[in-house]
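The structure comes first, and the points follow by topic.

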Amino acid sequence: MKPPRPAFADDLAASLQEAFRLLANAVPDRRSPLHTPTVATLDESGAPSLRTVVLRGFDADARRLRFHTDRRSDKARGIARDGRVMMHFYDAALHVQMRVAGHAMLHLDDAVADAAWAASQRSSRMCYAAPDASGAIVASPPAAPKDSDIGRPHFAAVVIGFHRLEWLWLAAAGHQRARFIWDDAGNLTADWIAP
Ligand SMILES: Cc1cc2nc3c(=O)[nH]c(=O)nc-3n(C[C@H](O)[C@H](O)[C@H](O)COP(=O)(O)O)c2cc1C
C-alpha cells in the first residue's frame with residue numbers, strides 16, 4: 001500500500017510550515033538526524049569548510065538558528081572574518097533535505113552567550129574546558145577535562161539569521177524542491193524549482 005500523501009505536498013506555504021516544524025522539533029529531539037546539521041563556513045583562503053554541530057535553537061519568527069562552539073576553533077575564526085554560512089539538514093527517513101543560508105554572529109560575553117551557557121548541560125560544558133585550543137596539535141589525544149565550569153571563557157553561542165531556505169522532499173511520484181527567500185524587509189518570495 002502506498003503511504004498517504006503528506007498535507008504539505010504540492011503546497012508551498014505548507015512546505016515552509018513543515019520545514020519550520022521540523023527545525024523546531026530538531027532542537028529538543030536528540031534522536032532526530034536534523035538535530036546534528038552540517039555547517040559550512042569560509043576559511044581564510046575563501047575555501048569552504050564543513051563540520052557537524054548540534055542544533056541548539058530555532059526561532060521561526062526571527063528566522064534564527066543557534067549552535068554552540070569553542071571560540072578558539074577555526075569555525076569561530078572563520079565566522080569572525082566572514083559571517084556567511086550555510087546549514088545543511090538531511091533526514092533519510094523523512095526523505096527531506098534542507099539548506100539554510102544566512103549570516104552568523106558570534107556571541108562571546110553577552111547576554112545571549114550567558115543564557116546559552118546557563119541552559120547547557122554539564123556534559124556539553126565539558127567540551128569547552130579543554131586547555132588546548134580546538135584544532136591545536138597535541139602530543140596525544142587528551143583526556144576528558146574534569147571540571148566542566150572552567151570552560152565559559154572558551155564558549156561561544158553562534159546565532160544565524162537566515163534569509164534563504166531550500167526544501168527538498170524526495171517522493172516517488174516526483175521530487176519537490178522549493179526555495180524561500182526573504183528580502184531585507186522580511187518579504188518572502190516562494191518558488192518551486194526543478195529538483
Ligand atoms: C555529532 C557531532 C556533534 C558535534 N557538535 C558540535 C557543536 O555543537 N559545536 C562544535 O563546535 N563542534 C561540534 N562537533 C565537532 C565539529 O564537527 C568539529 O570537528 C570541531 O568543532 C572542529 O571544527 P572546526 O575546526 O571547523 O572549527 C560535533 C561533532 C559531531 C560528530
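Phe-20 and Phe-58 are both buried. The model in which they are found is predicted. Across the whole structure, a search returns 10 aromatic pairs, and Phe-20 with Phe-58 is an edge-to-face one.

**Phe-20 and Phe-58**
- The ring centres of Phe-20 and Phe-58 are 5.3 Å apart, with 75° between the planes.
- Phe-20 belongs to helix 1 (residues 12–26) and Phe-58 to strand 3 (residues 57–59), so this pair ties together parts separated by 38 residues in sequence.

**Phe-162 and Trp-182**
- Phe-162 and Trp-182 have ring centres 5.8 Å apart and planes at 80°, and the pair is therefore edge-to-face; the cut-off for that class is over 60 degrees.
- Distant parts of the chain are linked here: Phe-162 sits in strand 7 (residues 155–169) and Trp-182 in strand 8 (residues 176–182), 20 residues apart.
- Phe-162 and Trp-182 are both buried.

**Ring cluster**
- Phe-20, Phe-58, Phe-162 and Trp-182 are joined into a cluster by ring pairs.

**Largest pocket**
- The volume of the largest pocket is about 370 Å³.
- Its lining consists of 17 residues, and those nearest the centre of the pocket are Pro-3, Pro-4, Pro-6, Trp-169 and Ala-171.
- Helix 1 supplies the largest share of this lining, with three residues.
- By residue class, the lining of the largest pocket has 12 nonpolar, four charged and one polar.

Notes. Residues numbered from 1 in each chain as written. Predicted model: local features only at pLDDT ≥ 70, side-chain atom pairs only at ≥ 80, totals over all residues. Heavy atoms only, no water. Phe/Tyr/Trp six-rings, centres within 6.5 Å; stacked < 30°, edge-to-face > 60°. Helix = DSSP H or I, 4+ residues; strand = E, 2+ residues; numbered from the N terminus. Buried < 20%, exposed > 50% of the residue type's maximum accessible area, 1.4 Å probe, protein only. 1 Å grid on protein atoms, 1.4 Å probe; cavity = no way out; pocket = protein on both sides within 12 Å on 5 of 7 lines; lining within 4 Å. Points joined across faces, edges and corners; volume = space filled by probe spheres on them. Nonpolar A, V, L, I, M, F, W, Y, C, P; charged D, E, K, R; others polar.
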